[in-house]
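I opened my notebook to look up a few things in one structure.

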Amino acid sequence: SGKGELAASIIAGETVAAFAHQEGSDPHAAPTCRIAREGEALVVTGTKVLVRHGDLAAWMVVSGMLDGAPALALVDCESLSLTRETTRLIDGSSAATIRLDGVPATLLATEAGPLIARLVCLCQTGLAAETAGILRAACDATFAYLVTRKQFGAPLASFQALQHRAADMQIAAEEARVLAARAADLVDAGSPSAQLMAAATKARIDDIARRAINDAVQLHG
């Protein structure tokens with residue numbers, strides 16, 4: 001794309017870039033955002049929802065349809081025809097709804113269906129791994145609390161009912177770790193089942209982590 005300096009800046013952590021793809025509840029749905037040619041120029045029109053760190057990004061890689069096929073384009077977030085509506089996610093991190101109204105763009109890839117699918121797979125694998133790490137940290141903090149906090153003159157960890165809850169949390173954390181590692185291995189290996197595994201892993205870890213971390217909150221009183 002001729003943006004080698006930008007790529008180096010992103011890799012160095014000097015510039016924040018975001019992947020703006022999802023338009024509804026299904027990240028695997030084909031984008032409806034429109035990428036169009038206007039003479040020698042390229043413009044993007046459409047709306048992207050819940051773009052992670054979209055409020056902080058200086059640049060965005062946007063998926064859309066160009067000449068009837070999926071494509072990827074790079075847009076500058078300082079464009080006057082791009083607006084952002086900031087929101088906070090459940091974990092306190094930032095996101096934004098992005099509205100593009102004829103935003104000038106640089107074409108990154110055409111016939112990009114497989115590339116978009118891989119990007120979604122990488123995102124889901126990363127989120128699953130992040131959630132597994134959060135769950136592990138919640139378990140460690142909870143178990144330390146149960147050992148040190150006393151009630152009726154005895155550590156909370158000595159009560160059998162709480163031991164059972166802690167054991168369930170430990171099982172969930174280990175399941176999450178193994179699933180996330182397996183998904184990452186398949187991605188690294190370029191396995192054809194990586195995309196399915198990433199989606200299933202994220203769904204499963206979302207479920208078990210939500211329940212286990214609710215238990216952590218309750219065990220902390």
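For my notes, a pocket is an open set of grid points with protein on both sides within 12 Å along at least five of seven lines. I keep in mind that this is a predicted model.

Entry 1: I looked up the largest pocket and found about 1,600 Å³ of space in it. I then listed its lining, which has 42 residues. Arg52, Leu89, Cys123, Leu127 and Lys202 are the closest of them to the centre. Which helix gives the largest share of the lining? I found that helix 2 does, with nine residues. Helix 1, strand 1, strand 3 and helix 4 are also among the elements that supply at least two residues each. I sorted the lining by class and got 25 nonpolar, ten polar and seven charged residues.

**Entry 2: the strands.** I followed strand 3 to its partners. Strand 2 pairs with strand 3 in the antiparallel sense, over five bridges. In that pair, Arg34 has Thr45 as its bridge partner. Two residues lie between the strands of this hairpin, and Gly39 takes a positive phi near 70° there. Strand 3 also runs antiparallel to strand 7, with eight bridges joining them. Here I noted Val44 opposite Val103.

**Entry 3: the cysteines.** How many disulfides does the whole structure have? My search found zero. I checked two cysteines to see why. Cys33 has its closest cysteine sulfur in Cys77, 13 Å away, which is too far for a bond. Cys33 is buried, at 2% relative accessibility. For Cys123, the closest cysteine sulfur is in Cys121, 9.3 Å away, so that is too far as well. Cys123 is partly exposed, at 37%.

**Entry 4: the salt bridges.** I counted eleven salt bridges in the structure. In one of them, Glu174 meets Arg177, with the closest N and O atoms 2.5 Å apart. These two are three residues apart in helix 3, so about one helical turn separates them. Glu174 is partly exposed at 33%, and Arg177 is partly exposed at 46%.

Next I moved to helix 4. Arg204 forms a salt bridge with Asp207, at 3.6 Å between the closest N and O atoms. Being three residues apart, they are separated by about one helical turn. Asp207 also meets Arg211, at 3.4 Å from N to O. That pair is four residues apart, again about one helical turn. Shared partners join Glu175, Arg204, Asp207 and Arg211 into one network of salt bridges.

How values were computed
Residues are numbered from 1 along each chain as its sequence is written. This is a predicted model: local features need pLDDT of at least 70, side-chain atom pairs count only at pLDDT 80 or more; totals for chains, interfaces and linings use all residues. Side-chain values use heavy atoms; hydrogens and water are left out. On a 1 Å grid over the protein atoms alone, a cavity is a set of points where a 1.4 Å probe fits but cannot get out, and a pocket is an open set with protein on both sides within 12 Å along at least five of seven lines; lining residues have an atom within 4 Å of a point. Grid points are joined across faces, edges and corners, and a volume is the space filled by probe spheres set on the points. Ala, Val, Leu, Ile, Met, Phe, Trp, Tyr, Cys and Pro count as nonpolar, Asp, Glu, Lys and Arg as charged, and the others, Gly among them, as polar. Two strands pair if DSSP finds at least two bridges between them. A disulfide is a pair of cysteine sulfur atoms within 2.5 Å. Buried means under 20% relative accessible area, exposed over 50%, partly exposed in between (1.4 Å probe, protein chains only). A salt bridge is a side-chain nitrogen of Lys or Arg within 4 Å of a carboxyl oxygen of Asp or Glu.
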